[in-house]
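Please look over the sequence and the model shown here before reading the report. The text is meant to be read alongside them.

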Amino acid sequence: QNRPCLSAKHVTASKMACLTASSLRTGALQSSACRARLVFSRPAIARPTLSKRSVLVRAQDTETDTQVEVDKYIKDLQEKWDRVENKTSVVLYGAGALVLVWFSSTLVSALNSIPLVPKVLELVGLGYTSWFVYRYLLFKSSREELVRDVEELKKRITGDSDL
């Protein structure tokens with residue numbers, strides 16, 4: 001397993017470019033003197049570094065914590081589903097929502113293929129975002145109004161009066 005030492009006079013710029021960290025690990029450079037000559041022979045060329053890196057990996061048992069959270073969410077979802085009176089309409093609304101998402105995705109893909117339309121829609125989105133920031137987020141009173149509106153909308157959707 002004696003490999004010849006690559007000395008500085010044998011290493012040209014093209015060979016230096018081909019020299020990788022894997023060849024250093026396999027033992028292409030045998031002695032530290034040979035490595036020193038290689039590293040300091042061509043300062044203008046990117047030279048391989050001979051540093052040893054260590055990685056510390058710690059295992060942590062989080063399976064029980066996540067399992068408890070998942071069980072909690074499933075139990076909560078089952079309780080909410082049991083409280084629903086008209087389950088068929090909920091399923092139909094859910095299926096309709098999925099079809100609507102699919103259709104809107106198809107529509108957006110078709111519009112995206114028309115020249116200039118994507119850029120116009122980006123400008124419309126930028127304009128609406130600017131208006132929304134000015135109308136609802138810039139001033140404290142308008143932010144409070146937005147929070148009230150969102151809370152009212154949540155009450156209307158869920159039917160809860162305690163929100």
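## Basis of the model

This is a predicted model, in which local features need pLDDT of at least 70 and side-chain atom pairs count only at pLDDT 80 or more, while totals for chains, interfaces and linings use all residues. Residues are numbered from 1 along each chain as its sequence is written, and side-chain values use heavy atoms, with hydrogens and water left out.

## Fold and surface

The protein chain has seven helices and zero strands, and read from the N terminus its elements run α-α-α-α-α-α-α. Helices here are DSSP runs of H or I with at least four residues, strands are runs of E with at least two, and both are numbered from the N terminus. Of the contacts in the protein chain with a separation of 6 or more, 46% are accounted for by residues 24 or more positions apart, a contact being heavy atoms within 4.5 Å.

Buried residues make up 9% of the 163 residues in the protein chain; buried means under 20% relative accessible area, exposed means over 50%, and partly exposed lies in between, with a 1.4 Å probe and protein chains only. The accessible surface of the protein chain comes to about 14300 Å², and 61% of this area belongs to carbon and sulfur atoms. Accessible areas come from the Shrake-Rupley method with a 1.4 Å probe, and for residues only the protein chains shown count as cover.

## The largest pocket

The largest pocket has a volume of about 290 Å³. A pocket is an open set of points on a 1 Å grid over the protein atoms alone, where a 1.4 Å probe fits and protein lies on both sides within 12 Å along at least five of seven lines; lining residues have an atom within 4 Å of a point. Grid points are joined across faces, edges and corners, and the volume is the space filled by probe spheres set on the points.

The lining consists of Leu77, Lys80, Trp81, Arg83, Val84, Val90, Ile157, Thr158 and Asp160. Helix 4 (63-83) and helix 7 (140-158) each supply at least two of the lining residues, and the largest share, four residues, comes from helix 4. By class the lining has five nonpolar, one polar and three charged residues, where Ala, Val, Leu, Ile, Met, Phe, Trp, Tyr, Cys and Pro count as nonpolar, Asp, Glu, Lys and Arg as charged, and the others, Gly among them, as polar.

## A loop residue with positive phi

Leu116 is found in the loop between helix 5 (87-112) and helix 6 (117-137). Phi of Leu116 is near 70°, a positive value in a residue other than glycine, and Leu116 counts as exposed at 68% relative accessibility.

## Salt bridges

The count comes to three salt bridges, each defined by a side-chain nitrogen of Lys or Arg within 4 Å of a carboxyl oxygen of Asp or Glu. Glu145 forms one with Arg135, their closest N and O atoms being 3.1 Å apart. This pair links distant parts of the chain, with Glu145 in helix 7 and Arg135 in helix 6, ten residues apart.

Lys80 and Asp76 meet in a salt bridge with 4.0 Å from N to O, and both lie in helix 4, four residues apart, about one turn of the helix. Lys80 is partly exposed at 45% relative accessibility, as is Asp76 at 33%. In helix 7, Glu151 and Lys154 lie three residues apart, about one turn of the helix, and their side chains meet in a salt bridge at 3.3 Å, N to O.
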